Amino acid sequence: WVACGCMGGFSQGGAIGLTLSNWMIHGDPGADIFGMDVARYGPFASNDTYLKAMTGQFYARRFVISYPNEELPAGRPLKTSPCYDALKAEGAVYGVTWGMETPQYFVTGQPDFVEKPTLRRSNAHGFVAAEVKATREAIGMFESAVYARYELSGPGAAAWLDHLLAAKLPKVGRVRLAPMLNPSGNLMGDLTVSRLAEDRFWLIGSYYLQTWHMRWFTEHLPPTGVTIRNLSDDWMGFAISGPKSRELMSRLVNVDLSNAGFPFLSCAEMEVGMAPAMVARLSLTGELGYEINVPVAHQRALYGALREAGADLGLKSIGNRALDSLRLEKSYGIWSTEFTQSYSPEMSNLRHHVAYDKGDFIGRDAALRRREKGVDKVLVTLRIDARDADASGFEPVKRNGKLVGFVTSGAYGHHVGQSLALAYVDKGLVGTGAPLTVDVIGENRPAVMLSEPAYDPQGTRLRS
């Protein structure tokens, strides 16, 4: 997908150009949130062979608009996980994020399949639908190599992290969604923080933000008392989710995984099969799920253990496109589309995760002023009466022909059978039931603002 994180001052043509420039050079959707910040490039970008390949591709295509489903070949594969060949043998079609190969979807039963570039629904639509179905009914397994992982420890870790994050810190053995703000009160990150001990934490975020986040961390690091390590390429794993995921995990661990023993938003170190792991109970799909992180040397063995234990449970590998469909059915936003430096917690529906009463933290005063002043636009979910195409990002949202907002991301919700999108719209429209339209490939399509997520609005599946 192509996600344009440019600010509102760019024209449509300028926005497209900026997005394409970052896509060609960087290979990462959402890279343009950095503007001209060199943090959008990893150390791999200084390699001469890589630079020549990417530069040649860029100049060959500088006046060509990339299709949302198009994967460009230059400088690839550069970084791969230990499971790259195994997943490729399963039929993985790869994209790339910050140099790391990551599955987009899995082709089954069609060895000669070639995806056709298009602005409409892809001929890979059916493969994605099967992955969504498996996750909702059995178990979907997503390789989490493209998560950034940081470990913080030391006697000053808790106090420092409490000042850095806008959320309250979790208790030992618990996980919390933790927005991070900049001094202006806008978002600096959307992280999960897991507390493994009183003085030891894991932060997990977006893989391509490593340089950016590590710079932010070190700029605010005290002289002593806190140690931070970037584990992103040292630890990898899988996120499994679906109604049968507990049964699968129970075959591989000697831990009580019942709701009483390991409730939603729990975390713990344990052995999964033969691999030492850090496991957290949460998921981006909206289903019962677990994120399993292991040292990179153990990732291939973990994959084999999960495959063997889940063979009779309907376990299926899934890619980014299925994940987009699943998260949009739950109205879950992600960084670079719904969450960027342009938006505040009040706008992005993260205000419930900000603990204004906990004491001082970076961005607190500015965020309070924004909350008191109010915001003009808020994040909502739209159901679009689409034909054979879905919104993907930055399509205009209109009311009686007047611009009232814009789409941040969209996809077909395969389980609910609806074309869905997240969008920032005028706050005054929320709850009115006003008919809207969304421009999808230049055609105004009717849209309805949903008052709750399209799937499992009470969140019972996560907690089952």
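**Strands, buried residues and a cavity**

Colleague: In the hairpin of β1 and β2, which residue takes a positive phi near 50°?

Modeller: Keep in mind that this is a predicted model. β1 covers residues 92-97, and β2 covers residues 100-106. The hairpin has 2 residues between the strands. The residue with the positive phi near 50° is W98.

Colleague: In which sense do β1 and β2 pair, and what is the bridge partner of V93 in β2?

Modeller: The two strands pair over 6 bridges, in the antiparallel sense. In β2, the partner of V93 is Y105.

Colleague: Why is β1 largely enclosed by the rest of the structure?

Modeller: Buried means under 20% relative accessible area. Strand β1 has 6 residues, and most of the strand is enclosed because the number of them that are buried is 5.

Colleague: Is N69 buried or exposed?

Modeller: N69 sits in the loop between α2 (48-60) and α3 (84-89). The cut-off for buried is under 20%. The relative accessibility of N69 is 9%, so N69 counts as buried.

Colleague: The side chain of N69 reaches which backbone oxygen?

Modeller: Residues up to four places away in sequence are left out of the contact list. N69 then touches E115, K116, P117, T118, S122 and R321. At 3.0 Å, its side chain reaches the backbone oxygen of K116.

Colleague: How many disulfides does a search of the whole structure find?

Modeller: A disulfide is a covalent bond between the sulfur atoms of two cysteines. C83 counts as buried, with 0% relative accessibility. C267 is buried too, at 4%. The number of disulfides found in the whole structure is 0.

Colleague: Which residues is G189 in contact with, leaving aside its neighbours within four places in sequence?

Modeller: G189 lies in strand β6, residues 187-197. Its relative accessible area is 0%, so G189 is buried. With those neighbours left aside, its contacts are A178, P179, M180, H213 and W335.

Colleague: How far apart in space are G189 and H213, C-alpha to C-alpha?

Modeller: H213 is one of the residues in contact with G189. The two are 24 residues apart in sequence. From C-alpha to C-alpha, their separation in space is 8.1 Å.

Colleague: Which strand gives the most to the lining of the second largest cavity?

Modeller: There are 2 cavities of 30 Å³ or more. β9 (235-241) and β12 (289-295) each supply at least two lining residues. With 3 residues, the strand that gives the most is β9.

Colleague: Over how many bridges do β9 and β12 pair?

Modeller: Their pairing is antiparallel. Within it, M236 stands opposite V294 of β12. The number of bridges between β9 and β12 is 7.

Colleague: Which residue in β12 does V279 stand opposite?

Modeller: Strand β11 spans residues 275-280. β11 and β12 pair in the antiparallel sense, over 3 bridges. In β12, the residue opposite V279 is I292.

Colleague: How many of the residues of β12 are buried?

Modeller: β12 pairs with β9 and with β11. The strand is mostly covered. Of its 7 residues, the number buried is 6.

How values were computed. Residues numbered from 1 in each chain as written. Predicted model: local features only at pLDDT ≥ 70, side-chain atom pairs only at ≥ 80, totals over all residues. Heavy atoms only, no water. Buried < 20%, exposed > 50% of the residue type's maximum accessible area, 1.4 Å probe, protein only. Helix = DSSP H or I, 4+ residues; strand = E, 2+ residues; numbered from the N terminus. Pairing = 2+ DSSP bridges. Polar contact = N/O pair within 3.5 Å; in protein donor to acceptor, adjacent residues only side chain to side chain. Contact = heavy atoms within 4.5 Å. Disulfide = S-S within 2.5 Å. 1 Å grid on protein atoms, 1.4 Å probe; cavity = no way out; pocket = protein on both sides within 12 Å on 5 of 7 lines; lining within 4 Å. Points joined across faces, edges and corners; volume = space filled by probe spheres on them.
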